[in-house]
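Please open the model in your viewer and keep the sequence panel beside it, ready for selections by chain and residue number.

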Amino acid sequence: MTSTNYAYLSNYAIYSAMVLFTIAFIAHAVEVAFSVRNVDEKTKFDFSRTKRSGNLGTVMMVLAFAFLLAGVILRGISAHRVPWGNMYEFSITGALAFTGAYIFALWKYKIRWLGLPVAIAVLLTLGTAITILYRPSAPLVPALKSTWLAIHVSAAIISGGVFLLANCIAATYLILDRYESKGGRPTWALKLPALDVLDQLTYRLVAFVFPLWTFAVIAGAIWAESAWGRYWGWDPKETWAFITWVAYAAYLHARVTIGWRGRKAAWLCLFAGSTFLFNYVYINIWGTGRHTYSGL
Amino acid sequence: MTTTTELGAKSLASWLWRQLTSMRTALILLLLLGFAAIPGSIFPQRSQNPLKVSDYFKSNPGTAKFLDQLQMFDVYSSPWFSSIYILLFISLIGCVLPRTLEHLKGARAKPTLTPKNLSRMEFHSEIDLGSLDAAEAWFRKNRFRIRRDATSISAEKGYLRETGNLVFHLSLILILIGIGVGSLYGMKGDAIINVGDRFINIPTSYDVISFGKLQSEKTLNPFSITATDFKARYELKTGVPSDYKLTVNVADPVGSKEISRVIRVNSPLTFGSTKVYLQANGYSPLVTIRDKAGEIKYQGAVIFLPQDGNLTSTGAIKVPDMNPQVGFIGSFVPTFARNSQRGAFSTYPEVLDPRLLVSIWTGDLGLDSGNPQSIYRLDTSAMKRIELKTLKLHETHNFGEGSITFEGWTPWVNLQIVKDPGKIYALLGSIFAILGLLLSLFTRSRRIWVKERVGELGLEIAGLAKNSAPGLENEIAALVSEMRNLGK
């Protein structure tokens, strides 16, 4: 099979994954919308009636993950390299990492309720990737030809996926916190975990991935030393990676050492995550530094 | 009187020190450092792109002047940025060093006393069997540090959490030291050489060179590099580069036997702590300029700077030895095309159908004025343009005052030569920082207490996990079931 064929196959796999994500999205939406039935008065609720819809959502999510994985791998085969050469490829791999982080957290912490926001976020990412960011499969420019590409970019993408997941949970925390301070959760949110569980989960994810992000930055520095002659040069991308690092370091200190909990910690986490997103979207597309590999 | 002011000053100093080394201040400084880094990614920086800075000055002179006063074009070397990170590191040292000493002392000390009221702790349970001896055996088996008192045991595990934490923070200091050493004793320079030329590593060979504050010029490694061949490969469809390969002959020291080596974008040449990088490349057209009598006044390769991805390149040829002086503003097009909108331009970065476009000027080149001039630009303020001409390969054109011949071309490469003796410390610091971070974030630090019940048989058990790390519940359950099994 030729490179072009592999590239087409990759595109089909990604389209299929998007269909599956859409089904997962609908299934989770049904689960959330109809999950709670008032059995009698206000006290008794029936949470079990949309269980099957939720199960369907999870199955679709796992299948979609498999198709997305295939899409990313085929893309790599078509270009004879790791599939991280332009922003389209960063985006599909980022969506893969994000879904992977969700499935991992689902297996460890029972957070199926996150399926709905995850499905929405992934569909948006893939939709933008395939319509606006898409570029034909091509070899790498010389500066990207290095083993460090695989190491640095995979660490950064996985970190990004987990950061976004932590952001989703922190945002949920803030929304539910608002409801609770105004007198109570609406019925659809009754099934969601307690606030301190969300708070703790956000912290777990950040603490888990912070060393990986640190590693991504350091691996980038080592690579920059061999490609550009300096390990740190305050290139816009480097600067924002540093800002993200500092923001998450502040989050961890605030939580562990000073003992911030809840609302303040969630806002700080959202802020840190938004610096990552800003770096990915703004600096990649409109930035001027040396990290302009978006291919746009 | 003096003693009170002295006391006052002392207590003020110690108050300031306490404030600076407090966690809250450190956190504020950390966030501040993040915010302070932002302007450097918005405004062009002199250290990265001086041309962009001067462009900014040209397009918005007023704002630029104001911004310059705030050092917005030199953010990362500005006093306000430096003061934030210096304060942060003082705060860090003030926080970490005492904790390190305490931690070292703590390594030999026993765990703290068992609290009086265990029911206030986490996972409190009481069982009517078990003994302190059995509990101690379980703690030892599970490698807890223990303190056995008459009626209780205080056990502790996860000491490495704080060790990792301290290693991480001390490593950050090591990274900063590495950066400092690099900027004080380092050196960085750029040199553009044509393929075929030899570069000798002395300061005058460089186009741009800067030394660290404590580095003198005498310490450049005495090597020479001769560029023998340069190959650039491009994607046929898109013209995007896919590989650059520079072959060089290296003599270290100068004059010794030459060895052939290859430099690529991701694989620099190394001489101790000095590295030679391949950074950019372009074309130098080869020209011969003759005067009216046919005598050669200039012959050689003139470095032109690429203007786009297809290497349309521009530059200047200056011939001061003619009367009047002659200058050319040139444009080298490796693969020629022309349309009404763009004029002449290149459609592919390799040389397939080259042209040399020149505008010919006569008059005073301004070389004697004493003002430094760019070799890539012609100062036409005292010159007159006499002609425009597009030259094909090997074509000679007569322009009245003389003639110009487009003989060919040679590629040039930009070598960046960097000496950074501090980077090894930064690297070591980074490695230890990650190891420390992993240790501190993945080690669970927790205490378990066991106490004999007063007035009846059995034990009281409770624990406390630092930062509510998970898993303590299971551990206590395991201890309880062990006691139960032994009691049977």
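Predicted model: local features only at pLDDT ≥ 70, side-chain atom pairs only at ≥ 80, totals over all residues.

**Salt bridges**

Over all chains, the count comes to 28 salt bridges, a salt bridge being a side-chain nitrogen of Lys or Arg within 4 Å of a carboxyl oxygen of Asp or Glu. Select E31(A) and R112(A), whose side chains meet in one of these, at 3.4 Å from N to O. Because E31(A) lies in helix α1 (residues 3-34) of chain A and R112(A) in the loop between α3 and α4 of chain A, the pair ties together parts that are 81 residues apart in sequence.

Residues are numbered from 1 along each chain as its sequence is written, chains are lettered from A and ligands numbered from 1 in the order in which they are written, and side-chain values use heavy atoms, with hydrogens and water left out.

**The interface of chain B and chain A**

Now select the residues in contact (heavy atoms within 4.5 Å), which are 50 from chain B and 51 from chain A. Between them the two chains bury about 4000 Å², 67% of it on carbon and sulfur atoms; buried area is the accessible area (1.4 Å probe) that two parts lose on being put together, summed over both.

How many salt bridges cross the interface of chain B and chain A? The rule finds 2, and K423(B) forms a salt bridge with E225(A), the closest N and O atoms being 2.6 Å apart. On the side of chain B that touches chain A, at least two residues each come from α2 (23-42), α7 (160-185), β8 (241-251), β11 (274-291), β21 (402-419) and α8 (423-442) of chain B. Of these, α2(B) gives the most, with 11 residues. By class, this side of chain B has 29 nonpolar, 13 polar and 8 charged residues, where Ala, Val, Leu, Ile, Met, Phe, Trp, Tyr, Cys and Pro count as nonpolar, Asp, Glu, Lys and Arg as charged, and the others, Gly among them, as polar.

**A pocket and a cavity**

Centre the view next on F90(A), K237(A), F276(A), Y280(A) and N284(A), which lie nearest the centre of the second largest pocket, among its 48 lining residues. About 1100 Å³ of space lies in this pocket, and its lining divides into 35 nonpolar, 11 polar and 2 charged residues.

The structure also holds 1 cavity of 30 Å³ or more, and the largest cavity has a volume of about 40 Å³. Its lining includes Y173(A), D199(A), T202(A) and Y251(A), and α5, α6 and α8 of chain A each give two or more residues to that lining.

On a 1 Å grid over the protein atoms alone, a cavity is a set of points where a 1.4 Å probe fits but cannot get out, and a pocket is an open set with protein on both sides within 12 Å along at least five of seven lines, lining residues having an atom within 4 Å of a point. Points are joined across faces, edges and corners, and a volume is the space filled by probe spheres set on them.

**Backbone stops**

Select D252(B) and P253(B), which a cis peptide bond joins, with omega about 0 degrees; P253(B) lies in the loop between β8 and β9 (259-263) of chain B. The peptide bond from N323(B) to P324(B) is cis too, with omega near -5 degrees, and P324(B) is in the loop between β14 (313-319) and β15 (325-333) of chain B. Finish at H80(A), in the loop between α2 (51-79) and α3 of chain A, where phi is near 55 degrees, a positive value in a residue other than glycine.

Terms used: Helix = DSSP H or I, 4+ residues; strand = E, 2+ residues; numbered from the N terminus.
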